[in-house]
Amino acid sequence: MARMIELLPAGQDACSDAPGSLMPSERATCLADLFKAMSDPTRVRLLAHITASDGGTACACHLPESLGISQPTLSHHLKKLTDVGLIRREQRGRWAHYSVVGESLDLVRDFLGEAAAGPRCC
(Lines give C-alpha, C1' and ligand atoms only; values in the text may rest on other atoms or scores of the structure.)
Protein backbone atom coordinates (compact mmCIF):
# COMPACT_ATOMS: atom_id res chain seq x y z
CA MET A 1 0.00 0.00 0.00
CA ALA A 2 2.81 2.43 0.85
CA ARG A 3 4.40 1.84 -2.55
CA MET A 4 1.14 2.71 -4.35
CA ILE A 5 0.84 6.00 -2.46
CA GLU A 6 4.38 6.90 -3.46
CA LEU A 7 3.42 6.57 -7.15
CA LEU A 8 0.53 9.06 -6.88
CA PRO A 9 1.10 12.74 -7.64
CA ALA A 10 1.75 14.95 -4.62
CA GLY A 11 -1.42 15.89 -2.75
CA GLN A 12 -3.61 13.17 -4.33
CA ASP A 13 -5.29 10.75 -1.94
CA ALA A 14 -5.21 7.06 -2.90
CA CYS A 15 -8.93 6.75 -2.07
CA SER A 16 -10.21 9.86 -3.82
CA ASP A 17 -13.40 9.58 -5.84
CA ALA A 18 -13.07 9.00 -9.55
CA PRO A 19 -14.16 11.92 -11.72
CA GLY A 20 -17.60 11.80 -13.30
CA SER A 21 -20.68 9.95 -12.23
CA LEU A 22 -21.76 6.35 -12.35
CA MET A 23 -23.67 5.08 -15.34
CA PRO A 24 -27.36 4.52 -14.55
CA SER A 25 -28.13 0.92 -13.64
CA GLU A 26 -30.66 0.52 -16.47
CA ARG A 27 -28.12 1.55 -19.10
CA ALA A 28 -25.47 -0.75 -17.62
CA THR A 29 -27.91 -3.66 -17.68
CA CYS A 30 -28.89 -2.93 -21.28
CA LEU A 31 -25.27 -2.75 -22.43
CA ALA A 32 -24.32 -5.88 -20.47
CA ASP A 33 -27.16 -7.80 -22.14
CA LEU A 34 -25.97 -6.67 -25.58
CA PHE A 35 -22.37 -7.65 -24.84
CA LYS A 36 -23.46 -11.02 -23.39
CA ALA A 37 -25.35 -11.79 -26.58
CA MET A 38 -22.28 -10.86 -28.62
CA SER A 39 -19.89 -12.84 -26.44
CA ASP A 40 -20.30 -15.98 -28.56
CA PRO A 41 -18.23 -16.23 -31.77
CA THR A 42 -21.11 -17.85 -33.68
CA ARG A 43 -23.40 -14.94 -32.77
CA VAL A 44 -20.77 -12.43 -33.84
CA ARG A 45 -20.50 -14.24 -37.18
CA LEU A 46 -24.30 -14.29 -37.53
CA LEU A 47 -24.56 -10.59 -36.75
CA ALA A 48 -21.82 -9.76 -39.26
CA HIS A 49 -23.44 -11.97 -41.91
CA ILE A 50 -26.86 -10.42 -41.45
CA THR A 51 -25.40 -6.90 -41.51
CA ALA A 52 -23.54 -7.60 -44.76
CA SER A 53 -26.45 -9.39 -46.49
CA ASP A 54 -28.09 -7.90 -49.57
CA GLY A 55 -30.80 -5.52 -48.48
CA GLY A 56 -29.70 -5.92 -44.85
CA THR A 57 -31.84 -9.06 -44.51
CA ALA A 58 -30.79 -12.71 -44.34
CA CYS A 59 -33.03 -15.74 -44.69
CA ALA A 60 -32.55 -18.41 -42.04
CA CYS A 61 -32.58 -21.00 -44.81
CA HIS A 62 -29.09 -19.93 -45.92
CA LEU A 63 -27.42 -19.67 -42.54
CA PRO A 64 -26.86 -23.24 -41.20
CA GLU A 65 -24.67 -24.50 -44.04
CA SER A 66 -22.35 -21.52 -44.08
CA LEU A 67 -21.85 -21.65 -40.30
CA GLY A 68 -21.50 -25.41 -40.03
CA ILE A 69 -24.09 -25.68 -37.23
CA SER A 70 -27.36 -27.55 -36.90
CA GLN A 71 -30.78 -25.91 -37.30
CA PRO A 72 -31.57 -26.13 -33.53
CA THR A 73 -28.24 -24.48 -32.68
CA LEU A 74 -28.86 -21.77 -35.26
CA SER A 75 -32.32 -21.13 -33.79
CA HIS A 76 -30.82 -20.85 -30.31
CA HIS A 77 -28.28 -18.23 -31.39
CA LEU A 78 -30.79 -16.25 -33.44
CA LYS A 79 -33.18 -16.22 -30.48
CA LYS A 80 -30.46 -14.82 -28.20
CA LEU A 81 -29.71 -12.02 -30.68
CA THR A 82 -33.44 -11.33 -31.17
CA ASP A 83 -34.23 -11.33 -27.44
CA VAL A 84 -31.76 -8.51 -26.72
CA GLY A 85 -32.89 -6.51 -29.74
CA LEU A 86 -29.78 -6.79 -31.91
CA ILE A 87 -31.76 -8.35 -34.76
CA ARG A 88 -35.43 -8.53 -35.68
CA ARG A 89 -37.28 -11.51 -37.07
CA GLU A 90 -39.88 -11.36 -39.83
CA GLN A 91 -41.76 -14.44 -40.99
CA ARG A 92 -42.11 -14.59 -44.78
CA GLY A 93 -44.05 -17.66 -45.72
CA ARG A 94 -42.16 -20.72 -44.53
CA TRP A 95 -38.89 -18.96 -43.73
CA ALA A 96 -37.81 -16.42 -41.14
CA HIS A 97 -35.81 -13.44 -42.31
CA TYR A 98 -33.54 -11.50 -39.98
CA SER A 99 -32.32 -7.91 -40.10
CA VAL A 100 -30.04 -5.92 -37.81
CA VAL A 101 -31.54 -3.31 -35.48
CA GLY A 102 -29.24 -0.37 -36.14
CA GLU A 103 -30.26 1.50 -32.98
CA SER A 104 -28.99 -1.35 -30.81
CA LEU A 105 -25.65 -1.40 -32.58
CA ASP A 106 -25.48 2.38 -32.14
CA LEU A 107 -25.74 1.87 -28.36
CA VAL A 108 -22.70 -0.40 -28.49
CA ARG A 109 -20.80 1.99 -30.78
CA ASP A 110 -21.58 4.98 -28.57
CA PHE A 111 -20.40 3.14 -25.47
CA LEU A 112 -17.17 2.00 -27.08
CA GLY A 113 -16.54 5.44 -28.55
CA GLU A 114 -13.13 5.85 -30.07
CA ALA A 115 -12.09 2.32 -29.11
CA ALA A 116 -13.93 1.14 -32.24
CA ALA A 117 -11.38 2.98 -34.38
CA GLY A 118 -8.44 1.36 -32.59
CA PRO A 119 -6.87 -2.07 -32.98
CA ARG A 120 -9.13 -4.80 -34.31
CA CYS A 121 -9.14 -8.57 -34.25
CA CYS A 122 -7.88 -10.23 -37.41
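**Notes on the predicted model**

A48 is partly exposed, as its relative accessible area is 46%. Here are some points to go with the structure, which is a predicted model.

1. **Where A48 sits.** The residue A48 belongs to helix α3. Its C-alpha atom is separated by 9.2 Å from that of V100, although A48 and V100 are 52 residues apart along the chain. Helix α3 covers residues 41-52, and we will come back to this helix once the sheet has been described.

2. **The overall layout.** You will find 6 helices and 3 strands in the protein chain. Reading from the N terminus, the order of elements is α-α-α-β-α-α-β-β-α. The protein chain has 122 residues, and 26% of them count as buried. Its accessible surface is about 8700 Å², with 56% of that belonging to carbon and sulfur atoms. If you look at contacts between residues at least 6 apart in sequence, 54% of them join residues at least 24 apart.

3. **The sheet.** The 3 strands make an open sheet in the order β1-β3-β2, and the pairing is antiparallel. Which strands stand at the edges? They are β1 (57-59) and β2 (87-92); each has a single partner strand, so one side of each is left without a neighbour in the sheet. On average, neighbouring strands of this sheet are turned by 30° against each other, direction ignored.

4. Strand β3 spans residues 95-100 and pairs with β2 in the antiparallel sense over 6 bridges. Two pairs are handy for finding your way on screen: R92 stands opposite W95 in β3, and Q91 stands opposite A96 in β3. There are 2 residues between the strands of this hairpin, and G93 takes a positive phi near 65° there.

5. D33 and K36 are 3 residues apart in helix α2 (residues 25-37), so they are separated by about one helical turn. K36 counts as exposed, because its relative accessibility of 54% is over the 50% cut-off. D33, with a relative accessible area of 33%, is partly exposed.

6. **Helix α6.** R109 forms a salt bridge with D106, and their closest N and O atoms are 2.9 Å apart. Both residues lie in helix α6, with a spacing of 3 residues, or about one turn of the helix. R109 is partly exposed, with a relative accessible area of 47%, and D106 is partly exposed at 37%. Helix α6 (residues 102-112) also holds F111.

7. What is the relative accessibility of F111? The value is 38%, so F111 counts as partly exposed.

8. **One more spot to look at.** S75 lies in helix α5, which runs over residues 71-83. With a relative accessible area of 37%, S75 is partly exposed. The C-alpha atoms of S75 and A60 are separated by 8.7 Å, and the two residues are 15 residues apart along the chain.

Definitions and conventions. Residues numbered from 1 in each chain as written. Predicted model: local features only at pLDDT ≥ 70, side-chain atom pairs only at ≥ 80, totals over all residues. Heavy atoms only, no water. Pairing = 2+ DSSP bridges. Helix = DSSP H or I, 4+ residues; strand = E, 2+ residues; numbered from the N terminus. Axes fitted to C-alpha atoms, helices over the stretch in contact; angles between N-to-C directions. Contact = heavy atoms within 4.5 Å. Buried < 20%, exposed > 50% of the residue type's maximum accessible area, 1.4 Å probe, protein only. Areas by Shrake-Rupley, 256 points an atom, 1.4 Å probe, with all protein chains shown as cover. Salt bridge = Lys/Arg side-chain N within 4 Å of Asp/Glu carboxyl O.
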